[in-house]
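Please view the sequence and the structure first, then read the points grouped by topic below.

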Amino acid sequence: MSVRDDPQAQPVRPTAEDPVAAAGSELIGGPTGRRALLGTSWWTPVRIVAIVAIGMFALGMAQKLPCYDGGWFYGATAQYTHACYSDIPHLYNGRGFALDLVPYFDRIPDSVSGGMEYLEYPVLTGLFMEVASWMTPHGGSIQDREQIYWLVNAGMLMVCTAVIAVCVARTHRRRPWDALLVALAPAFALTATINWDLFAVALTAAAMLMWSRSRPLAAGVLLGLATAAKLYPGLLLGPLLLLCLRAGRLRTFWTAAGGALAAWLVVNLPVMVSTQGGPHIRDGWKMFYTFSQERPVDFGSVWLIISQRTGNSLEDVNTYGTGLMVLACLGVAALALCAPRRPRLAQLSFLIVAAFVLTNKVYSPQYVLWLIPLAALARPRWRDFLIWQACEVMYFLGIWMYLAYTGSGDQHRGLPAEGYQLAIAVHLLGTLYLCALIVRDALVPERDPVRWDGSDDPGGGVLDRAPDAFVLGEARRGARAESAALVDWGVHRE
């Protein structure tokens, strides 16, 4: 039995193959030696990664302290100049939780919501918010209650962080240390408590773990629940379909897709359908979808740069964005079916979610959380990951300084529109840079760090080391030459 097929094999040491990881390890005593006895104590890689992730999450909470102490409640721009804004305390009252209103069923008074009639989040995220409100005492001032509500949500999101760290560490059996990319990601810590995205990210990470263990039904159910919390996880069904088509495992895909659809319906149907006055789709349930459709060009998108530079409001932005997304999906499909070796699931998943982020009409700073676990699995190289993270941190600071500028009146304290456009461009270029590297890895498999030891797709579950059944282009010639045998793409590196 080869080392790569041995479940008891030692985990890959990033300090042995990644010069940035080796240099960084000097802070804790230097690279791991080849005689080190890994996994022989309580301090296993998975536990270390989880503890580091929780520690970084706590640092992110500490970074919000200026806002917790008053920035959320006093001063027009204090929460922006300290870069500690969060939706969570503001929406506790602004979406009726302080009034004990039931999300999607009770209309929110305009005097509270500012015109948003119902909660504009998917159903499972709304449930997450409601559960947190149940655990928030209803006595005391509204400021005290908003502070406690943020703390309760932060505690629940910390659990999600631990789940993400563990799932990413266990998805690639021999590469648990890659999850340190997630645990130590600065953008993760900075954006973790801005909104509720970590809940959907945790469900998505668990779905990918289940898929890597060849449990398609469980993976599908978790993916359906994740899609009921945020829209983006549903995009992962596209890469699954393409890869299963190429590997001739469509039955497995339909098992996962059926589980996803069933889970999504179980969560949504009780809220979706109203029987008052006859069966119809409830307005409260539709709010997330109508709001997403009708929302104009907003922060962080390439469309905002175009709109501000040209003075055009881009009323047809939905058409433009959808067209570019369709083109990106076709590109991902071509890569999946034409690459010389079937791309890994994490690679295509990152590319499809990144395409959605790049073409969308809004990019909130916490959206980076969607990509961080996928990036750690798709391109586990510290240099490239940190370059991308530096771009995201610059965007994180840029949006708050821009809001400080627009909210400070004639004082103009902060970043003007031109500076914010530059921050958006940096975010776009950083994401495109990582996409380009992942595409290159798929086209030249020997450049893929995960495949350096001869592995195929350790997160692919039934796809791992499966022969191709349907390919296009140059890949067809390679498939015939291999006669259904796999090529060991690994390149031995000291």
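Helix α8 is mostly covered, with 9 of its 12 residues buried; buried means under 20% relative accessible area, exposed over 50% and partly exposed in between, with a 1.4 Å probe and protein chains only. This is a predicted model, in which local features need pLDDT of at least 70, side-chain atom pairs count only at pLDDT 80 or more, and totals for chains, interfaces and linings use all residues. Residues are numbered from 1 along each chain as its sequence is written, and side-chain values use heavy atoms, with hydrogens and water left out.

**Helix α8**

- Helices are DSSP runs of H or I with at least four residues, strands are runs of E with at least two, and both are numbered from the N terminus.
- Helix α8 covers residues 123-134 and reaches 16 Å from its first C-alpha to its last, close to the 16 Å expected at 1.5 Å a residue; the expected span is 1.5 Å times one less than the number of residues.
- The buried residues of α8 are V123, L124, T125, G126, F128, M129, E130, A132 and S133.
- The elements covering these buried residues include α6, α9 (142-171), α12 (197-212), α13 (216-227), α15 (250-272) and α16 (283-294), where contact means heavy atoms within 4.5 Å.

**Cysteines**

- The model has 1 disulfide, defined as a pair of cysteine sulfur atoms within 2.5 Å.
- C67 and C84 form this disulfide, with their sulfur atoms 1.9 Å apart.
- The link of C67 and C84 is right-handed, with 75° about the S-S bond.
- C67 lies in helix α4 (residues 65-71) and C84 in the loop between α5 (78-81) and α6 (87-94), so the pair ties together parts that are 17 residues apart in sequence.
- Both C67 and C84 are buried.
- C329 counts as partly exposed because its relative accessibility is 30%, and C338 counts as partly exposed at 31%.

**Annotated transmembrane regions**

- An unreviewed UniProt entry places the feature "transmembrane region" at several spans, among them residues 252-273 and 385-405; the positions use the numbering used here, feature names are shortened, and annotations may be inferred rather than shown by experiment.
- Residues 252-273 are 95% helix and 5% strand, and their end C-alpha atoms lie 31 Å apart.
- Residues 385-405 are 100% helix and 0% strand, with end C-alpha atoms 30 Å apart.

**Residue L261**

- L261 is in helix α15 and is exposed, with a relative accessible area of 51%.
- L261 and L223 are 38 residues apart in sequence and 8.9 Å apart in space, C-alpha to C-alpha.
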